[in-house]
Amino acid sequence: MAARVLRRLPRLKPLNRLQVILQHLKMSKHTDSTTEVLLEKRGGAGIITLNRPKVLNALNLSMIRQIYPQIKTWEQDPETFLIIIKGTGGKAFCAGGDIRTIADAGKVGDRLTQDFFREEYTLNNAIGTCKKPYVALIDGVTMGGGVGLSVHGHFRVATEKTLFAMPETAIGLFPDVGGGYFLPRLSGKIGYYLALTGFRLKGRDVQKAGIATHFVDSEKLPTLEEDLIALKSPSTESIADLLNSYHVKSKIDQEKEFILDEHMEKINSLFSANNMEEIVKKLKQDGSAFAIKQLETINKMSPTSLKMALRQLREGASMSLQEVLTMEYRLSQACMRGHDFYEGVRAVLIDKDQSPRWKPAALEEVSDEFVDDCFKPLGNNDLKL
């Protein structure tokens with residue numbers, strides 16, 4: 001198409017030539033496969049497609065800035081009845097935020113460290129308060145920022161390819177994007193366990209844990225999407241009925257027990273302590289194979305992140321989503337000022353030696369005063385929702 005446009009240009013007047021180029025750029029913006037987010041309207045459905053398959057659809061600021069206003073527009077549009085969000089490439093819905101770019105920005109004092117989290121959490125809130133039914137097809141890797149794009153919506157459809165985790169404590173962050181809201185609301189202490197250990201849930205377990213609302217075979221998603229689009233003036237109830245009809249037909253791993261079932265009693269007792277030192281003490285006293293494995297995992301995590309995350313969930317359990325996101329913005333900025341986030345990104349994503357040198361290196365060295373400081377309001381710089 002570009003070649004055809006260029007061939008026409010010499011025959012046109014300069015002004016018309018410019019108009020043709022601009023028109024072509026405008027059209028290619030919507031059809032070009034290099035666009036990071038594809039936004040389209042099909043029938044009564046607004047469809048958001050995350051389109052960075054080479055980086056597992058990792059979320060960056062320009063994507064957030066395209067998705068947020070579009071959700072707000074569709075929310076007000078009487079001709080849009082539902083919103084669907086999905087990822088391309090077959091491997092991931094969204095593997096998380098583009099944290100390497102954020103770490104690079106933080107090292108040079110770039111504003112991105114403020115803007116990214118502020119606008120990401122504002123988007124999470126828009127999804128959580130969206131007046132139109134919001135359906136996230138979480139097929140493949142769904143972690144961190146990808147959880148924020150899905151978990152606060154009305155419907156989350158997992159498949160056998162779904163891989164869920166909140167692995168932030170391993171990189172000197174905390175389970176953000178509203179993790180302080182949804183994690184403590186999962187049954188028992190599952191949310192605390194997932195937040196502190198970064199444990200990965202797969203397939204049907206994502207739904208059994210209460211993170212996904214439905215489970216559908218991955219190969220059925222295109223048909224499900226067509227059926228959602230074909231609904232006439234769909235309501236939350238009619239969408240739920242359609243999703244349920246797919247859910248009950250799925251036979252994959254139907255008989256399999258929830259992976260954490262056999263450990264739930266231990267998880268509920270071991271992860272109910274008031275502080276991290278107490279959790280570690282309980283794990284050591286328990287001494288079972290399960291407890292020792294959790295201890296090994298926790299010992300690899302940033303001590304600062306662990307203390308931050310535990311308090312974040314304990315406080316978030318009785319907060320609104322807006323209050324949680326405001327609190328998490330304060331924590332994000334504390335991480336950007338600190339040491340462990342940059343060290344975690346170095347160890348996991350840059351040098352890949354998986355040997356972060358945390359500062360402080362032990363839980364006992366992370367003072368309550370330091371943690372209190374991370375939760376302090378930021379005055380005019382606070383997140384306002």
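Visitor: What makes Phe-117 buried?

Guide: The model is a predicted one. Phe-117 has a relative accessible area of 2%, and buried means under 20%, so Phe-117 is buried.

Visitor: Why does Phe-116 count as buried?

Guide: The relative accessibility of Phe-116 is 3%. The limit is under 20%, therefore Phe-116 counts as buried.

Visitor: Why is the aromatic pair of Phe-116 and Phe-117 called edge-to-face?

Guide: The ring centres of Phe-116 and Phe-117 are 5.6 Å apart, with 90° between the planes. Pairing requires centres within 6.5 Å, and planes over 60 degrees apart count as edge-to-face. The two rings therefore form an edge-to-face pair.

Visitor: How do you know that Phe-341 and Tyr-342 form an edge-to-face pair?

Guide: Their centre-to-centre value is 5.2 Å and the angle between the planes is 65°. The angle is over 60 degrees and the centres lie within 6.5 Å, so the pair is edge-to-face. Phe-341, at 1% relative accessibility, is buried, and Tyr-342, with a relative accessible area of 15%, is buried as well.

Visitor: How many aromatic pairs does this rule give?

Guide: The count is 6 aromatic pairs. One aromatic cluster is formed by Tyr-193, Phe-199, Phe-271 and Phe-290.

Visitor: Where does the charged end of Arg-185 sit?

Guide: The charged end of Arg-185 sits over the ring of Tyr-181, 3.9 Å from its centre. The distance limit is within 6 Å. The charged end of Arg-311 sits over the ring of Phe-375, at 4.2 Å from the ring centre.

Notes: Residues are numbered from 1 along each chain as its sequence is written. This is a predicted model: local features need pLDDT of at least 70, side-chain atom pairs count only at pLDDT 80 or more; totals for chains, interfaces and linings use all residues. Side-chain values use heavy atoms; hydrogens and water are left out. Rings of Phe, Tyr and Trp (its six-membered ring) pair if their centres lie within 6.5 Å; planes under 30 degrees apart count as stacked, over 60 as edge-to-face and the rest as tilted. Buried means under 20% relative accessible area, exposed over 50%, partly exposed in between (1.4 Å probe, protein chains only). A charge sits over a ring if NZ of Lys or CZ of Arg is within 6 Å of the ring centre and within 35 degrees of the ring normal.
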